[in-house]
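These are my notebook entries on a structure that I looked up. I record each item in the order in which I examined it.

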Amino acid sequence: MSIALTVVGFVIIAIGLGDMFRALLHPRGEGDLSNAVISALWATSRRLGHRLGSAVGPAGMVLTVLVWVLLQGLGWALIYLPHVPGGFTYDPGIDPGRYPDVIEALYVSFVTLATLGFGDMVATEPFIRALAPLEALVGFAVLTAALTWFMQIYPPLTRRRALALRLHGLAAAGVAEAVPTLPADMLTRVLGELASEIDVVCVDLSQHSETYYFQEENPRQSLSRQIHYALELRDAAAAKAEVETGVGTAMLSASLDNVAESLRGFVRVADDADLQQVFRAYAADHARSARD
């Protein structure tokens, strides 16, 4: 029984640490637990008419961190459980017989994980004494990972909002309507710069999939609302049919294909859905109307 609990405890610890690694350090940010928690919260908010609004993303990250903490606390508690209370010494004022062994194991686990060091319950068995500092290091790693995650999420969101504002500015200036009269070199530069910004956002979405679940309150900063203008601009440039602008049009088209491919992992569309359908589903999923 003792060995079985220890093995299960280490498995739970490994699952939690593995998800942290995949969410924060993996090139594609593929944490299964973190994605499941945030996407479940997003689905709940969507069924409620997006009443949670922009709080879904931050709340999902906080809940994910709590899941990581709970997994570590539970895993280490299962390891300690067979050794409670015999493997520990207690302060004179504490009677271990008053508390269930499971509660005591959870208590020492979370106290150690939080690096509080109350000292009212100290391990005496060599095995547990060797593991306690390791759990404290894991607790410090979880805290550091949470802070790192919260700090690294905002640069991708800033770039996404900047792209949305750029598209809004191009729309306000009527660039698509003015394409036939624009110099070829100017139009090529605009298309190339826009394609580059879309590529960056596409990479951000792949590496930080949780950013998808951050809903923007300001429609001007909502990429789900503004991305449609990039299609309009691409089609207008393609209609110009000049050799000088062909490269820029091809670059923008490729960038839009890439971001649409990334979005297919989040929205429900048919396999043969075109870009317009993907972007409309993206807008609808964020409770935004597509730019027509």
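Predicted model: local features only at pLDDT ≥ 70, side-chain atom pairs only at ≥ 80, totals over all residues.

Entry 1, a glycine in a helix. I located Gly248 in helix α10, residues 243-263; helices (H or I, at least four residues) and strands (E, at least two) are DSSP runs, numbered from the N terminus. Gly248 is buried, with a relative accessible area of 1%; buried means under 20% relative accessible area, exposed over 50%, and partly exposed in between, with a 1.4 Å probe and protein chains only. I then listed the contacts of Gly248, leaving aside neighbours within four places in sequence, and found Thr188 and Leu191; contact means heavy atoms within 4.5 Å.

Residues are numbered from 1 along each chain as its sequence is written, and side-chain values use heavy atoms, with hydrogens and water left out.

I recorded 11 helices and two strands in the protein chain. From the N terminus on, the order of elements is α-α-α-β-α-β-α-α-α-α-α-α-α. The radius of gyration is 26 Å, well over the 19 Å that the globule rule gives for 292 residues, so the chain is more spread out than a compact globule. This radius is taken over C-alpha atoms, and the rule is 2.2 Å times the number of residues to the power 0.38. The C-alpha trace spans about 90 × 35 × 30 Å along its principal axes. Of the 292 residues, 46% count as buried. Among contacts with a separation of 6 or more, 75% are accounted for by residues 24 or more positions apart.

I found 10 aromatic pairs in the structure; rings of Phe, Tyr and Trp (its six-membered ring) pair if their centres lie within 6.5 Å, and planes under 30 degrees apart count as stacked, over 60 as edge-to-face and the rest as tilted. Trp68 and Trp149 form a tilted pair, at 5.2 Å centre to centre and 35° between the planes. This pair links distant parts of the chain, with Trp68 in helix α3 (residues 56-80) and Trp149 in helix α5 (residues 126-152), 81 residues apart. Are these two residues buried or exposed? Trp68 counts as buried at 0% relative accessibility, and Trp149 counts as buried at 1%. I also noted a cluster in which ring pairs link Trp42, Tyr212, Tyr213, Phe266 and Tyr282.

Most residues other than glycine have a negative phi, and most peptide bonds are trans. I looked for departures from this. The peptide bond from Val84 to Pro85 is cis, with omega near 0°, and Pro85 is found in the loop between α3 and β1 (88-90). Thr115, a residue other than glycine, has a positive phi near 55°. I placed Thr115 in the loop between α4 (101-113) and β2 (121-123), and Thr115 counts as exposed at 52% relative accessibility.
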